[in-house]
2 protein chains.
Amino acid sequence: MPDAEITVVGNTGDDIHLFGLKVCPDLDTVMYTLGGGIHEEQGWGREGETFAVKEELAAYGVGPEWFGLGDRDFATHIVRTQMLGAGYPLSAVTEALCARWKPGVRLLPMTDDRVETHVAIDVDGERRAVHFQEYWVKLRASVDALAVVPVGAEAAKPAPGVLDAIAGADVILFPPSNPVVSVGTILAVPGIREAVAAAPAPVVGLSPLVGGAPVRGMADKVLAAVGVESTAQAVARHYGADLIDGWLVDTVDADAVAAVEEAGIACRAVPLMMTDEDATAAMARAALALAEEVRA
Amino acid sequence: MPDAEITVVGNTGDDIHLFGLKVCPDLDTVMYTLGGGIHEEQGWGREGETFAVKEELAAYGVGPEWFGLGDRDFATHIVRTQMLGAGYPLSAVTEALCARWKPGVRLLPMTDDRVETHVAIDVDGERRAVHFQEYWVKLRASVDALAVVPVGAEAAKPAPGVLDAIAGADVILFPPSNPVVSVGTILAVPGIREAVAAAPAPVVGLSPLVGGAPVRGMADKVLAAVGVESTAQAVARHYGADLIDGWLVDTVDADAVAAVEEAGIACRAVPLMMTDEDATAAMARAALALAEEVRA
C-alpha cells in the first residue's frame with residue numbers, strides 16, 4: 001500500500017541487554033526488513049555480516065555466545081544505547097535509527113518503558129524464570145513453557161503515538177506473529193488492548209498457524225503455556241470477537257472457517273505462506289479486503 | 001627483565017567516551033603491545049583490524065569519524081564499559097582485560113577516578129578547551145596548545161596498588177613518553193608525585209626528545225604550553241632533581257649531559273631510538289644500569 005500511512009507498533013518484550021547494550025530484536029527486524037538491510041534467508045540480523053566483535057568478546061570470556069550479534073548489528077545497538085544513555089526515549093531512538101533505514105512505515109515501540117518477557121520453565125523440578133531470548137534462542141524452546149510473563153507490562157505506558165495511531169486508523173491488522181510473546185505482549189501494555197477494542201476501524205488478523213503448526217518459530221510452545229491449542233481457530237478465539245473483527249486462515253485450514261465465524265469473527269481461507277513478496281502482498285490485500293467486508 | 005615483577009602505571013587522562021563506550025587508549029596500547037595484539041606499524045589499535053562497526057556508525061551519521069576504532073578494538077571497549085556499568089572500578093576492569101592478554105606486567109591505571117586532559121586552544125580569537133584526543137587526533141596538534149589541564153586530577157586518588165608499587169619498587173623508570181600529557185598527567189594525581197619523590201628506589205627517566213624533536217608524536221606542542229623547551233635537557237630539568245635521579249639522552253644529544261648533571265641529575269648518552277626489540281631492550285638495560293649507578 002504505497003499510498004497508505006502505515007504505523008507499525010513493535011513488540012519490545014523481546015528486548016535484552018547484552019554486553020551492556022540494548023538490543024531490540026523485533027524493532028530491528030522490522031527496520032532492517034523494510035529498510036532493505038535484513039539477512040533474507042535468516043530472517044533477522046544484517047546481510048553480509050562479519051563477527052569480529054563477537055569473536056573478541058568470546059576471547060575475553062564474555063558471553064552469552066548463544067546470541068548471534070554481527071558487527072554491523074552491533075553498531076545499531078551501540079547507537080541505541082548511547083542515545084538511551086543520553087536520555088532519549090526508545091521511541092525517539094527508533095525514529096533516529098529509522099531516519100537512516102527509511103522503512104516506509106512509522107515504526108513505534110509499544111512502550112518507552114522497560115518490559116521484559118520472561119518464561120517460566122522447570123529445571124530439575126524447580127520452577128525458574130528465564131528471559132524470553134534465553135528460552136527461545138538458547139534453549140530453542142526445547143522445554144515446556146509453564147508461563148509467559150511480560151515483566152513490567154502492567155506499569156508500562158503506550159509509547160507516544162501508539163494510542164492515537166490505533167484510534168485514528170482506517171484499518172488495524174494483526175500480522176501472523178506469535179499471538180503470545182509478540183502480539184500478546186503488545187496487548188499487555190495497559191491501554192493498548194482497550195484502544196484496539198474501542199477503535200472504529202475494522203481489526204483483521206492473519207493466522208500464524210497453518211495446518212496446526214506455526215509457520216515460523218515455535219509458537220505452539222508458548223500457546224500451550226496460555227492454554228491455547230495450536231490451531232488457527234483457537235488463536236482467533238484467543239484474541240476473541242471483542243478484539244478482532246476478521247481472521248484469515250490458510251487454505252489448508254478451510255474447515256476452521258465455520259468455527260471462527262461461530263465465535264463472531266468473519267473468516268476467510270486464503271494462502272498464508274509468505275513464500276515471496278508477491279505471496280506476502282496477496283495476503284495483505286486479502287486482509288484489507290476482509291477489513292472492507294467487515295466494515296460494510 | 002623476565003624475572004622482574006613489573007608494575008606499569010598507565011595514564012588515563014587520554015581516556016575518552018566515544019559512542020557511549022569508555023576508551024582507554026594508553027592502557028590498551030600497553031596491554032595490546034605487551035600482549036602481542038598491537039598493530040605494530042601503527043603503534044596503537046589491534047592487528048588485523050576490520051572496520052564494519054565504524055562504517056555502520058558513520059552510516060547512522062554518528063561520529064566522531066576521526067577516531068579510528070576497529071571491530072576488534074570495539075570489543076575491548078564494550079567489555080570495559082559493561083564492567084564499569086556493573087560497578088567495577090577501572091583497575092579491576094583492566095585486570096580482567098589483562099587476564100586475556102597476559103602482558104607480563106601488572107598494569108594499573110593511575111586512578112580509578114575520572115580524569116580528562118583538556119587542551120586550551122585559540123579558535124578565531126576565542127579560548128576554547130577541547131578534549132586531548134580532539135587536539136591530538138582530530139587537529140593533529142596543528143594549532144598551539146595554550147594550556148594543558150588534567151580536569152579532575154586534583155580530586156582523583158591513586159588507584160589501588162599504585163602508591164605501594166612506587167614505595168616498594170627497586171627501580172622506578174620514566175619511559176620516553178610525553179612529559180606533559182602522559183607522565184605529567186600521572187604525576188598530577190595527588191600523592192603520586194610525592195610518592196615518587198619519597199621512594200627509596202632510584203628514579204631514572206629516558207628522554208622522549210632526540211636532537212630537539214619528539215621521537216614520536218608531537219610532544220613539542222604541549223611542552224611549549226608548559227613553558228619547557230623541546231630539548232632533552234629541558235625535559236630533565238622540568239622533572240627536576242626532586243623527582244628523578246638519573247636521565248638518559250640520545251647519543252646525538254651528548255652535549256646535553258653536562259647541563260643535566262648541573263641540575264643534580266646523573267645523565268648518560270646512549271642510543272634512544274626504539275627501532276626494534278633489541279634496541280629497546282638495550283635502552284631498558286642502560287636505564288637499569290644508570291639506576292644502579294645512582295643507587296651506589
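Modeller: A residue is called exposed at over 50% relative accessible area, buried at under 20%, and partly exposed in between (1.4 Å probe, protein chains only). The model here is predicted, with local features needing pLDDT of at least 70, side-chain atom pairs pLDDT 80 or more, and totals for chains, interfaces and linings using all residues. Residues are numbered from 1 along each chain as its sequence is written, chains are lettered from A and ligands numbered from 1 in the order written, and side-chain values use heavy atoms, without hydrogens and water.

Biologist: Why is B:Lys157 called exposed?

Modeller: B:Lys157 has a relative accessible area of 55%, and the cut-off is over 50%, so B:Lys157 counts as exposed. B:Asp113 has 28%, so B:Asp113 is partly exposed.

Biologist: What makes B:Asp113 and B:Lys157 a salt bridge?

Modeller: A side-chain nitrogen of Lys or Arg must lie within 4 Å of a carboxyl oxygen of Asp or Glu. The N to O distance for B:Asp113 and B:Lys157 is 3.9 Å, so the pair qualifies. The two residues are 44 residues apart, with B:Asp113 in the loop between β4 and β5 and B:Lys157 in the loop between β7 and α6 of chain B. By this rule there are 22 salt bridges over all chains.

Biologist: Which side chain meets A:Glu262 in a salt bridge?

Modeller: A:Arg237 does, at 3.8 Å, N to O. The pair joins helix α11 (residues 257–262) to helix α10 (residues 232–239) of chain A, 25 residues apart. A:Glu262 is exposed because its relative accessible area is 67%, while A:Arg237, at 43%, counts as partly exposed.

Biologist: Which salt bridge partner of A:Glu56 is on chain B?

Modeller: B:Arg46, at 2.6 Å, N to O. This pair crosses between chains, from helix α2 of chain A to the loop between α1 and α2 of chain B.

Biologist: How are the two copies related?

Modeller: Chain A can be laid on chain B with an RMSD of 0.0 Å by a turn of 180° and a shift of 0.0 Å along the axis. The two copies are therefore related as by a two-fold rotation axis. The superposition is by least squares on the C-alpha atoms of residues with pLDDT of at least 70 in both. A:Asp71 comes closest to the axis among the residues of chain A, at 3.5 Å (C-alpha).

Biologist: Why does A:Glu277 count as exposed?

Modeller: A:Glu277 has 69% relative accessibility, and the cut-off is over 50%, so A:Glu277 is exposed. A:Glu277 lies in helix α12 (residues 277–295) of chain A.

Conventions
Helices (H or I, at least four residues) and strands (E, at least two) are DSSP runs, numbered from the N terminus.
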